[in-house]
Amino acid sequence: MRIVIDLQSIQTANAKRGIGRYSRGLVEAILRNSPEDNFVLLLNGMLGECNQSLRRQFEVWPNAEIRIWTAAPPAGHRAPADRRLAAEAIREAVIADIAPDVVLITSLFEGLGDDSVTSVSDVPTAIVFYDLIPFLFPELYLKSRESKDWYHEKLKMLRRADLLLSISECSARDAVTHLSLPPERVTNIGSGVDARFAPRAIDPDTRNMLASDLGLVRPFLMYTAGDDPRKNISALIEAFAGLPKDLSARHQLAIVCQIGEETRVQLLEQARAKGLSRDAVVITGYVNDDQLIALYNACLVLVFPSLYEGFGLPVLEAMRCGAAVVGANTSSIPE
């Protein structure tokens, strides 16, 4: 088979979040396990900061070639309608020229804040389906008319796809229930993590990195993911502050994620107001994979209090590293 895989999910801000990490691992596994098939990996030239790096990473696969397309920016949702439609037509023409048997889109919901362009053409199309969280929590994610219009336009595209590949049984149920899709058009393919997420010995250099670079000088509990309200970080800080004082004083809470300055200040002010010491809550900011794996291996427990997840990748990553996990009993997390 000749298969096009749209890789914009690892070119946007999602590249450093669960969607990007999942997409990269999924595509590498597909290439590894399908040596008899021919793949064309599609990159958006308007998101070109890392294109050459991505080309080097994927050109090692003998069954894959890279195709970079571009249009005249702006081309995302904020672009004039004619520009946006022209960019979609250019992308679809490139796909038609490749003449694939099927197209796989690793993330359809791209383009609200950048020049990503996704659409569903007449070519048989499968879409990796993560969740319906904005649909389920519109008061948090669809506050503006712009975001609401963009999201519902993407839902129309989603319904036109031939197959949704959901990342959990929870997401599969949501697609059938809320989008009224026939069950045979939704397949749960589950989730996995890179083999690097595994138990490691915590050597003195790693301990020094945790202390000097991240400020983790005592045994610590850990949270990692995003910082939006659904992630429930404020409740996590409140719960940590509610521990017996002698217990919380001997430990730290590490919040491991890229976080906005306003939110960072609010969370630290909450910790102080709850009586926690100045270094009780440590907000690390973005960490690379090696640091993240070290943190999973060094933490006493990963605490994941999210109110709703399409999958909840940190839970599996932490478990693969041998960490104990406390997770919310909701959505996909029990899976």
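Guide: Leaving aside neighbours within four places in sequence, Phe-220 is in contact with Leu-210, Gln-252, Ala-254, Leu-295, Ala-298, Cys-299, Leu-300 and Val-301. Contact here means heavy atoms within 4.5 Å. The model is predicted, so to speak of local features requires pLDDT of at least 70, and side-chain atom pairs count only at pLDDT 80 or more, while totals for chains, interfaces and linings use all residues. Residues are numbered from 1 along each chain as its sequence is written, and side-chain values use heavy atoms, with hydrogens and water left out.

Phe-220 also belongs to the largest nonpolar core, which has 48 residues. Along with Leu-41, Phe-58, Met-222 and Leu-295, Phe-220 is among those with the most contacts inside it. Helix α12 (residues 289-298) gives this core its largest share, six residues. A second, separate core of 33 residues includes Leu-108, Val-117, Phe-129 and Leu-142. A nonpolar core is a set of buried Ala, Val, Leu, Ile, Met, Phe, Trp, Tyr and Cys residues joined through side-chain atoms within 4.5 Å; buried means under 20% relative accessible area, exposed over 50%, and partly exposed in between (1.4 Å probe, protein chains only). In soluble globular proteins, nonpolar side chains tend to be buried together.

Ala-254 stands opposite Val-282 in β10. Helices (H or I, at least four residues) and strands (E, at least two) are DSSP runs, numbered from the N terminus, and two strands pair if DSSP finds at least two bridges between them. These strands sit in an open sheet of five, with parallel pairing and the order β10-β9-β8-β11-β12. At its edges are β10 (281-283) and β12 (325-327), each pairing on one side only. On average, neighbouring strands of this sheet are turned by 20 degrees against each other, direction ignored.

Another residue of the core, Phe-58, lies in helix α2 (residues 51-58), which packs against helix α1 (residues 18-33) at an angle of about 35 degrees, with axes 12 Å apart. Axes are lines fitted to C-alpha atoms, for helices over the stretch in contact, and angles run from 0 to 180 degrees between N-to-C directions. Here Arg-24, Val-27, Glu-28 and Leu-31 in α1 meet Leu-54, Gln-57 and Phe-58 in α2.
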